[in-house]
Amino acid sequence: MSGIYTGLQARINAMNPLAYYVPCAGHFLNLVGTSAASSCLGSVSYSRILQALYNFFSASTYRWDHLKAALPAEGIVVKSLSETLWSERADAVKAVFLHYLEIKSALENICSDSRQTVATKLEGEGLIRQMEAFKTALLTVIWYKILTGFNATSLSLQKVETDLLSVVKLYESLISFVSEMRQGQFDEIEDQARSFAEPVYTETTKRTKMRKHFFDESVGTETQLDPREKFKVDNFYTILDCLRNELEHRVNAYSEIKKLFSFLTEYDSMKYDDLKAQLELVVSTYSSDLEASVLDEFLQFKDILSSNLTSQ
């Protein structure tokens, strides 16, 4: 729902200040992914490679047959890339991750066919060069790990039994997943990527711009990152930091709901003081609807539930 300041949300809140806007959790996850996919030049370029692979093979039955012949019996063919849907993006990356070398072999077979046009060979050779680049192999592994975790969460969010409080926990688990991946998984990713391409970090050749120094500045040597660290900073860290920032920003939409109503599902494991504090917060928030006696009433209700469960 748009219009948080001047649109529909603002009008509803003006009529009822206690109303809470709760967005579609699955749609929010798609927005997070879209933002991360465009967070750096490397990620944008990788998305174009995925789409270019699908466009190339799907352009004719001859190419498509060559691709299927190169894949194992239960292999996954390349997929068209969706700009918004996590599941479709996950399928596109999964196909390349599982059959990276087979797809490259299919490209080589097509390019070695003397019957193919020069344009076809040039397009295919360009894709081969892209797949031989270690950066492409790294981004394939990075996005496969990300999308596998996020797609599993997306499926959980779509379940009928998933309530609002579970949504917060699922989002928080994703934030932990992204943080752990950022802190210590790059070496593992690098090892996996070595099975796809030669581990060579290409350094872009461009003239280094010299920053103008002011008269009161000491002139020192500016830090230049080696190609491996530059990839980590410009791509790996950028993608994961964007994911984490977007997740933390969007989970706030559910945090207020959790702060008020988590006792409804967690009362059995809550300490008395914590339960009392949360119920007092609910009473103060809805002071015109609830009385202070709601604490005693809820405790009595809790005891009744416990006794009923015990007797069953």
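**Overall layout**

Reply: The chain has 14 helices and 0 strands; helices (H or I, at least four residues) and strands (E, at least two) are DSSP runs, numbered from the N terminus. This is a predicted model, in which local features need pLDDT of at least 70 and side-chain atom pairs count only at pLDDT 80 or more, while totals for chains, interfaces and linings use all residues. Residues are numbered from 1 along each chain as its sequence is written, and side-chain values use heavy atoms, with hydrogens and water left out.

Me: What share of the 312 residues is buried?

Reply: Buried residues account for 38% of the 312 residues in the chain. Buried means under 20% relative accessible area, exposed means over 50%, and partly exposed lies in between (1.4 Å probe, protein chains only).

Me: And what percentage of the contacts with a separation of 6 or more joins residues 24 or more positions apart?

Reply: Such pairs make up 72% of the contacts in the chain with a separation of 6 or more. A contact means heavy atoms within 4.5 Å.

Me: Which residues have the most contacts inside the largest nonpolar core?

Reply: They are Leu53, Phe57, Trp143, Ile146, Phe150 and Leu243, in a core of 64 residues. A nonpolar core is a set of buried Ala, Val, Leu, Ile, Met, Phe, Trp, Tyr and Cys residues joined through side-chain atoms within 4.5 Å.

Me: Which helix gives the most to this core?

Reply: Helix α8 (residues 134–157) does, with 11 residues. There is also a second, separate core of 11 residues, which includes Tyr267, Met270, Val282 and Leu295.

Me: Moving on to packing, at what angle do helices α3 and α4 meet?

Reply: Helix α3 (residues 41–57) and helix α4 (residues 61–70) pack at about 115°, and their axes are 7 Å apart. Axes are lines fitted to C-alpha atoms, for helices over the stretch in contact, and angles run from 0 to 180 degrees between N-to-C directions. The two helices are therefore roughly perpendicular to each other; angles under 35 degrees count as roughly parallel, over 145 as roughly antiparallel, 65 to 115 as roughly perpendicular and the rest as oblique.

Me: Which residues make that contact?

Reply: Tyr54, Phe56 and Phe57 of α3 meet Arg63, Trp64 and Leu67 of α4. By class, the contact has 5 nonpolar, no polar and 1 charged residues. Here Ala, Val, Leu, Ile, Met, Phe, Trp, Tyr, Cys and Pro count as nonpolar, Asp, Glu, Lys and Arg as charged, and the others, Gly among them, as polar.

Me: Is Val168 buried or exposed?

Reply: Val168 is buried, with a relative accessible area of 1%. Val168 belongs to helix α9 (residues 164–184) and is in contact with Val251, Tyr254 and Lys258, leaving aside neighbours within four places in sequence. Between Val168 and Val251, 83 residues apart along the chain, the C-alpha separation is 6.5 Å.

Me: New topic: how many salt bridges are there?

Reply: The structure holds 12 salt bridges, a salt bridge being a side-chain nitrogen of Lys or Arg within 4 Å of a carboxyl oxygen of Asp or Glu. One of them joins the side chains of Glu190 and Arg228 at 2.8 Å, N to O. Glu190 lies in helix α10 (residues 186–193) and Arg228 in helix α11 (residues 227–261), so this pair ties together parts that are 38 residues apart in sequence.

Me: How accessible are Glu190 and Arg228?

Reply: Glu190 is buried, at 6% relative accessible area, whereas Arg228 is partly exposed, at 22%.

Me: Which residue forms a salt bridge with Lys230?

Reply: Asp234 does, with the closest N and O atoms 2.5 Å apart. Both residues lie in helix α11, 4 residues apart, about one turn of the helix. Salt bridges that share partners also join Asp187, Glu190, Arg228, Glu229 and Lys232 into one network.
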